[in-house]
Amino acid sequence: MSTNRHPIEQEELMAYLDGELPTDQATQTLSHMELCPECQTLAADFRGVSQELMAWEVESSEVGIPSMINAALGERHQKPEAAKVNSPRLENRVLTSRWVWAGALAIVCVAVGLTLTVTSRNRNEDRSTAYASMASIEQYLIQNRNAEIALARSAAPEAISNNAKILVFGWQGYETAIEGKNGFVCMVERSWMSPFNSAEFWNPKVRVPMCFNPAAARSILPLTIKRTEMILAGISKAQMIDSIKAGFDNKELPLPESGAMCYMMSRAGYLNDALGHFVPHLMFYFPLTDKSSWGADLRDSPVTLNPQFRDGPEPITEFVIPVGKWSDGTAAPVM
Amino acid sequence: MTSDEALMLEFQGGSRAAFEELFARYRKPLYGFFGRRLNNPERAEDLTQETFLAVIRAASRYEPRASVRTYLYGIALKLLAAERRKLLISGALGRSVPEAKTDGTPECVLWVRQALEKLDAPEREILMLREYEQLSYSDIAELLRIPLNTVRSRLFRSRLALKSYLESEAKTNPDLRASAEQPRPGRRGMQ
């Protein structure tokens, strides 16, 4: 494969399939792959090798925690108690010097408290000041329109996204790049769809490929369009919040329709600095609902309450369920 | 879902339930790690337990600098290296080293094992850490103490080599290829 004809190296293609490329490169690779049969073949070869390796499954018959580990756990939990009871000399020393210890402890507490406060404040300041205000619009744009289309499509499996309407973000907001046939709408959201109090609300690196089903395209997408229009109009966050509240009050903005959901299965997305590509998942939207109705955030539950609209002006509850594969069928990292 | 790192910190703080959850998450993956590298189920079981025992013993010193996943496989790699040294010494002293068990192993698995054995050891390890343990390039680089680019280039070479071995085997034994291509539940990796 000549690099003159291919803007990406073979190793980069492999790294893309492994989910190891940064968003910009991943988008470029995805965009090239869609048009390059040679790279598609190489990708299929790599996937074939992985599939063949998976034939080697190793199963263990053991269940439960073995006795040796149980014993070690028991020992670990008994040690502190034993030390207290079985060491009179130490106990005496501790008791006789209790004021020394109390003084030392107070100093340590104050020092630790100060350190934690300062560290935490510094960390929060670092994050909040990194994206304190809106960057220039250019930084939120994807210059290559085909790359944005490919990235938007990567939100859902091809069987869905190939027939979906595709929106791309431009100077005037979102515009239709390709008309769809199945009622789904795929697009790449930007950072301002984060919660209003998010430290990354203005992070220009954020690229979130999403593919709304018809119900969500009718009832959730208008919110993305509205927020984006307000951003481009340059109005303040407080005004945006008021406007969204008013939009729901006067029914200009609809509540989530029954069955509204969204595919977020792109391996090339960048959700934020903390999550990166995150894991492929599906999102389900409801008018405000108690999270317990879905068993969200309970131990071992795969359902999580998404904080996107929590405590925000939108009366929407959003649940997230991770899935095992990216939209291209490759396996996702184990959570 | 509670993250591994949060569970580890809870365990450090004394929560047995947090350890049990970590054990449930990593027991099978660790068993698979040792099982594929030693081909000896008994030792794989022992070393899986030893990995968790090491976690219990070192819990107070754990610092969340790396992911728990990387931390566990770091311990597992050290135990594996020690096991291999023991096997080498046993071999050098003329003691019998247990043969890899192949009874009842499907042919397609034997075929994959043979193909992997043909790779250079460092490349094989990187490939296995990526494919079976699902570690990221940076995790592998950290565990093996090699540059990230080296991980990527070796992984690339090993995948191409493996593809070539598997293709040549398929030409000489087409029936085997067909059996290896049957879909299996629970597959992971680059699919």
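Start in chain B and select helix α2, residues 16–38: a kink of about 40 degrees lies at B:Tyr26, shortly before the proline B:Pro29. That bend is the angle between axes fitted to the seven residues ending there and the seven starting there. Helices here are DSSP runs of H or I with at least four residues, strands are runs of E with at least two, and both are numbered from the N terminus.

A word on what you're viewing: it's a predicted model, where local features need pLDDT of at least 70 and side-chain atom pairs count only at pLDDT 80 or more, while totals for chains, interfaces and linings use all residues. Residues are numbered from 1 along each chain as its sequence is written, and chains are lettered from A in the order in which they are written.

Next, show both chains: 35 residues of chain A are in contact with 38 residues of chain B (C-beta atoms, placed from the backbone, within 7 Å). On the chain A side, α3(A) gives the most, with eight residues.

Now select the strands of chain A. You'll find an open sheet of eight, in the order β2-β1-β3-β4-β5-β6-β8-β7, with mixed pairing (strands pair if DSSP finds at least two bridges between them). β2 (173–178) and β7 (304–305) of chain A stand at the edges with a single partner strand each, so one side of each is left without a neighbour in the sheet. Zoom in on β7(A): two bridges join it to the antiparallel β8 (residues 316–322) of chain A, and A:Thr304 stands opposite A:Val320 in β8(A).

Note on methods:
Contact = placed C-beta atoms within 7 Å.
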